[in-house]
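Visitor: I have a structure open here and a few things to ask about it. Can we go through it piece by piece?
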Amino acid sequence: MAQIPPPALPTPAPDLPAIEVRDLVTYYGKRKILDGVTLSVRTGEVLVIMGGSGSGKTTLLKHLLGLLRPAAGQVRMLGHDINAISARQLNALRQRIGVAFQSGALFSSLSVGENIMLPLREHTDLAESTMRIMARMKLEVVDLAGAEDLMPAELSGGMIKRAAFARAIVMDPRILFCDEPSAGLDPVTSASIDDLIAHLRDATGMTVIVVTHELESAFKIADRICVLDHGRILEIDTVEAIRRSANPRIQDLLGRRTERPATDPDDYLRRLTEGGR
Ligand SMILES: Nc1ncnc2c1ncn2[C@@H]1O[C@H](COP(=O)(O)OP(=O)(O)OP(=O)(O)O)[C@@H](O)[C@H]1O
């Protein structure tokens, strides 16, 4: 069977951090958005990035994906300085990462299977039959076996997220980025997406970086949590350490109501039918 061709980059040592960010500074216009961010993402961990609205989470994510150039500082991914490598090398590096965006972002005119095969079509010369098998395998991983011929409009919100995850992992990435994976989902479905993220990490050993507002979800899936505030890292530590943090800004963040309602389905249904919150 044909294999995905190895990208044109040397493989880094396994004990190297998946991502290292040093003294990252970025501006939008004259406004400093990230102000000396330094963090190291360990290979195989689930790192959750949290922070209030406007704290710089999405901007940091864009830097990690190589979509923005820093004003100062460095981002190393899988051992490579992403702002110092050639466009060809950056493209090769991107083949080792998967991204599951907030909206799911499936193409509505393509079947689920075609959506999942898109990265394979773009980056590989695999035979059609091989791509179909790989898409089917990934659909099984995300618990959507048999959905390849459905159109996105036929899927529920949770199924769309799952299909988006299948597409994000179709190239067997080393690092998976998830932006607000459970946004807009009901509590039960959103809990199942949390389980899926943990399952993907356990089954594949990939490094997972999740940006989320949702405390409950962060506490459930994170190995470590990185708390951003006004473009700086307040703390990066284990769930327990973050829970016990004496930092008043972190206490403030943890004290806020989560956007997700309680996960008890009966309670959720009752609140829905009562029309109140
Ligand atoms: N393209 C842009 N041009 C100018 N300012 C921007 C741009 N994108 C974001 N900002 C500003 O930068 C700051 C950080 O934005 P960012 O989207 O990174 O925050 P965030 O933590 O992801 O917020 P949220 O949780 O609300 O999505 C915000 O004040 C935002 O208004």
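Visitor: Is Thr238 buried or exposed?
Guide: This is a predicted model, and in it Thr238 counts as exposed because it has 12 C-beta neighbours inside 10 Å. The cut-off for exposed is 12 or fewer.

Visitor: Which strand is Thr238 found in?
Guide: Thr238 is found in strand E10, residues 232–238.

Visitor: What separates the C-alpha atoms of Thr238 and Cys226?
Guide: A distance of 8.8 Å, with the two residues 12 apart along the chain.

Visitor: Zooming out, how many helices and strands does the protein chain have?
Guide: There are 10 helices and 10 strands in the protein chain. The chain has 277 residues, of which 37% count as buried.

Visitor: And what share of the contacts comes from residues 24 or more positions apart?
Guide: Taking the contacts with a separation of 6 or more, such residues account for 68%.

Visitor: Which residues does Phe177 touch?
Guide: Leaving out residues up to four places away in sequence, Phe177 touches Leu61, Leu64, Leu65, Ile97, Val99 and Ile209. Phe177 and Val211 are 8.1 Å apart from C-alpha to C-alpha, and 34 residues apart in sequence.

Visitor: Changing topic to the ligand. Which residues are around the ligand?
Guide: They are Tyr28, Ile33, Gly51, Ser53, Gly54, Ser55, Gly56, Lys57, Thr58 and Thr59.

Visitor: Which helix gives the largest share of that shell?
Guide: Helix H1, residues 57–64, with 3 residues.

Visitor: What classes are the residues in the shell?
Guide: The shell around the ligand has 7 polar, 2 nonpolar and 1 charged residues.

Visitor: On to helix packing. At what angle do the axes of H3 and H5 cross?
Guide: The axes of helix H3 (residues 112–123) and helix H5 (residues 157–168) cross at roughly 30 degrees and come within 8 Å. That makes H3 roughly parallel to H5. Their crossing is right-handed.

Visitor: Which residues make that contact?
Guide: On H3 they are Val112, Asn115, Ile116, Leu118 and Pro119, and on H5 they are Ala163, Ala166 and Arg167. By class, this contact of H3 with H5 has 6 nonpolar, 1 polar and 1 charged residues.

Visitor: What about H3 and H4, at what angle do they pack?
Guide: H3 and helix H4 (residues 128–141) pack at about 120 degrees, and their axes are 9 Å apart. H3 and H4 are therefore oblique to each other. H3 passes H4 in a right-handed crossing.

Visitor: Which residues meet there?
Guide: Gly113, Ile116, Met117, Leu120 and Arg121 of H3 meet Met131, Arg132, Met134, Ala135, Lys138 and Leu139 of H4. The contact of H3 with H4 has 7 nonpolar, 1 polar and 3 charged residues.

Visitor: One more pair: are H5 and H6 parallel or oblique to each other?
Guide: Their axes cross at roughly 15 degrees and come within 10 Å. H5 and H6 are therefore roughly parallel to each other. H5 passes H6 in a right-handed crossing.

Visitor: And which residues make the contact of H5 and H6?
Guide: H5 brings Gly157, Gly158, Lys161, Arg162 and Phe165, while H6 brings Thr189, Ser192, Ile193 and Leu196. By class, the contact of H5 with H6 has 3 nonpolar, 4 polar and 2 charged residues.

Visitor: Last topic, backbone angles. What is the phi of Leu78?
Guide: Leu78 is not a glycine, but its phi is positive, about 50 degrees. Most residues other than glycine have a negative phi.

Visitor: Where does Leu78 lie?
Guide: Leu78 lies in the loop between strand E4 (72–77) and strand E5 (80–81). Leu78 counts as buried because it has 22 C-beta neighbours inside 10 Å.

Visitor: And what is the phi of Glu180?
Guide: Glu180 has a positive phi of about 45 degrees, and Glu180 is not a glycine. Glu180 is found in the loop between strand E7 (175–179) and helix H6 (187–204).

Visitor: Is Glu180 buried or exposed?
Guide: Glu180 is buried, because 20 other C-beta atoms are within 10 Å. The cut-off for buried is 20 or more.

Terms used
Residues are numbered from 1 along each chain as its sequence is written. This is a predicted model: local features need pLDDT of at least 70, side-chain atom pairs count only at pLDDT 80 or more; totals for chains, interfaces and linings use all residues. A residue is near a molecule or strand if its C-beta atom, placed from the backbone, lies within 6 Å of it. Helices (H or I, at least four residues) and strands (E, at least two) are DSSP runs, numbered from the N terminus. Ala, Val, Leu, Ile, Met, Phe, Trp, Tyr, Cys and Pro count as nonpolar, Asp, Glu, Lys and Arg as charged, and the others, Gly among them, as polar. Axes are lines fitted to C-alpha atoms, for helices over the stretch in contact, and angles run from 0 to 180 degrees between N-to-C directions. Angles under 35 degrees count as roughly parallel, over 145 as roughly antiparallel, 65 to 115 as roughly perpendicular and the rest as oblique. A crossing is left-handed if the near helix is turned anticlockwise from the far one by less than a right angle, and right-handed if clockwise. Two residues are in contact if their C-beta atoms, placed from the backbone, lie within 7 Å.
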